[in-house]
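Keep the sequence and the 3D view open while reading.

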Amino acid sequence: MEKIASRERGGAAAPSLPVVAPRRRSWLRGDHLVAVLMLLPSIVAVAVFIYGFIIWTGYVSTVKWNTVVEDYSPVGLKNWLDLIRMDRFHWDMRNLLLYAAAFMSQCIIIGFFIAFLLDQRIKGEAFFRTIVVFPFAVSGVVTGVAWRWLMQPTTGINLLLRNLGIVDTRFAWNADPKLGILAISIAAAWQFTGYVMSLYLAGLRGISDEVREAARVDGAGTFALYRHIIIPLLMPVTFTAIVLTGMGSIRTFDLVVVLQGPAFSTDMLAFHMYQATFGLYRFSLGATIGFFMILLSALLVGPYLRSMGGSLET
């Protein structure tokens with residue numbers, strides 16, 4: 001002790017221990033490393049087979065590859081200008097607008113109405129729910145074949161209407177040169193309405209009974225309850241249904257092939273792209289149509305993803 005005290009009085013500094021900086025733990029360890037390794041194959045596949053092909057499609061739309069022989073001579077926006085000037089493209093856009101308006105409105109309105117009925121806890125709900133959803137499990141080709149028979153002038157729906165005495169005429173349905181695309185939208189809505197119904201039914205079941213009871217205590221009837229409370233609460237579901245039905249309208253193909261009408265009366269962008277690419281071997285034109293469809297889809301998906309990101313932040 002005396003030696004230590006004499007050292008302190010003498011001003012001798014005690015030896016200091018080396019300061020070791022704390023090691024930074026790498027985030028790519030343990031569970032994080034396992035998660036990255038599990039997701040890496042999917043990330044690579046999406047990057048190559050989705051985004052890579054989108055970039056490749058955009059590139060092919062700017063070259064002169066309109067024969068069997070590959071030709072990557074750059075032509076700028078010539079393919080786009082040629083597409084815009086085509087009469088068939090004008091028919092495609094006209095049919096797309098009519099088809100989308102009819103298909104989306106049928107799916108959303110009828111789907112919501114059926115979900116409203118099933119939400120009343122009716123007897124045999126599971127049976128009716130299965131019946132409504134079942135067409136969604138049927139392929140588009142099978143749906144088209146069935147509806148092609150139903151839309152025959154002398155059989156199917158026309159024969160039923162005539163036997164019931166409702167109308168004694170022969171509707172052309174999908175063979176109508178002006179409104180044939182609307183007939184195809186009926187078949188498509190029959191197939192997809194069950195899926196939209198399931199979305200709305202899940203949304204209705206997610207609204208608590210306390211909200212409904214509070215509205216009824218305040219004197220709200222059934223119409224006011226759905227108009228001012230239920231429907232606004234279901235807006236995210238409606239937005240999802242709009243995006244899904246809109247995407248389906250843009251890429252519809254199989255029903256158009258099976259229920260094809262005269263000339264371009266029922267032509268759509270996907271069918272035009274298929275014929276241009278694999279029928280006429282105009283690969284640049286097909287790529288231009290395909291990339292145009294991607295841009296249309298981005299107009300729908302972009303706002304949807306933005307709204308979903310905002311809801312997650314809040």
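Q: How many helices and how many strands are there in the protein?
A: The model is a predicted one. From the N terminus on, its elements run α-α-α-α-α-α-α-α-α-α-α-α-α-α. The count is 14 helices and 0 strands.

Q: What percentage of the residues of the protein count as buried?
A: A residue is buried when its relative accessible area is under 20%. The protein has 314 residues. The part of them that counts as buried is 32%.

Q: What share of the accessible surface of the protein belongs to carbon and sulfur atoms?
A: The accessible surface comes to about 20,000 Å². Carbon and sulfur atoms hold 69%.

Q: Which residues does Tyr200 touch, not counting residues up to four places away in sequence?
A: Without the residues up to four places away in sequence, its contacts are Ile108, Gly111, Phe112, Ala115, Leu234, Val237 and Thr238.

Q: Are H4 and H13 roughly parallel or roughly antiparallel to each other?
A: Helix H4 covers residues 87–118 and helix H13 covers residues 269–279. Their axes are 9 Å apart and the packing angle is about 150°. Angles over 145 degrees count as roughly antiparallel. Therefore the arrangement of H4 and H13 is roughly antiparallel.

Q: How do the residues of the contact of H4 with H13 divide into nonpolar, polar and charged?
A: H4 brings Arg88, Phe89, Asp92, Met93 and Leu96 to this contact. H13 brings Leu269, Phe271, His272 and Gln275. The residues divide into 5 nonpolar, 2 polar and 2 charged.

Q: Does Arg121 count as buried or exposed?
A: Arg121 is found in the loop between H4 and helix H5 (125–133). Its phi is near 60°, a positive value in a residue other than glycine. The cut-off for exposed is over 50% relative accessible area. Because its relative accessibility is 57%, Arg121 counts as exposed.

Q: In the loop between which helices is the place of Trp173?
A: Trp173 is a residue other than glycine with a positive phi, near 55°. Its place is in the loop between helix H7 (156–163) and H8.

Q: How far apart in space are Pro177 and Ala263, C-alpha to C-alpha?
A: Pro177 is also in the loop between H7 and H8, and at 49% relative accessibility it counts as partly exposed. Not counting residues up to four places away in sequence, Pro177 touches Trp91, Pro262 and Ser265. Pro177 and Ala263 are 86 residues apart in sequence, while their C-alpha distance is 8.0 Å.

Q: Does Asn79 count as buried or exposed?
A: Asn79 lies in helix H3, residues 78–85. Leaving aside neighbours within four places in sequence, Asn79 is in contact with Val60, Ser61, Thr62, Val63, Asn66, Ser284 and Thr288. Its C-alpha atom and that of Thr62, 17 residues apart along the chain, are separated by 6.7 Å. The relative accessibility of Asn79 is 6%, so this residue counts as buried.

Technical notes:
Residues are numbered from 1 along each chain as its sequence is written. This is a predicted model: local features need pLDDT of at least 70, side-chain atom pairs count only at pLDDT 80 or more; totals for chains, interfaces and linings use all residues. Side-chain values use heavy atoms; hydrogens and water are left out. Axes are lines fitted to C-alpha atoms, for helices over the stretch in contact, and angles run from 0 to 180 degrees between N-to-C directions. Helices (H or I, at least four residues) and strands (E, at least two) are DSSP runs, numbered from the N terminus. Angles under 35 degrees count as roughly parallel, over 145 as roughly antiparallel, 65 to 115 as roughly perpendicular and the rest as oblique. Contact means heavy atoms within 4.5 Å. Ala, Val, Leu, Ile, Met, Phe, Trp, Tyr, Cys and Pro count as nonpolar, Asp, Glu, Lys and Arg as charged, and the others, Gly among them, as polar. Buried means under 20% relative accessible area, exposed over 50%, partly exposed in between (1.4 Å probe, protein chains only). Accessible areas come from the Shrake-Rupley method with a 1.4 Å probe; for residues, only the protein chains shown count as cover.
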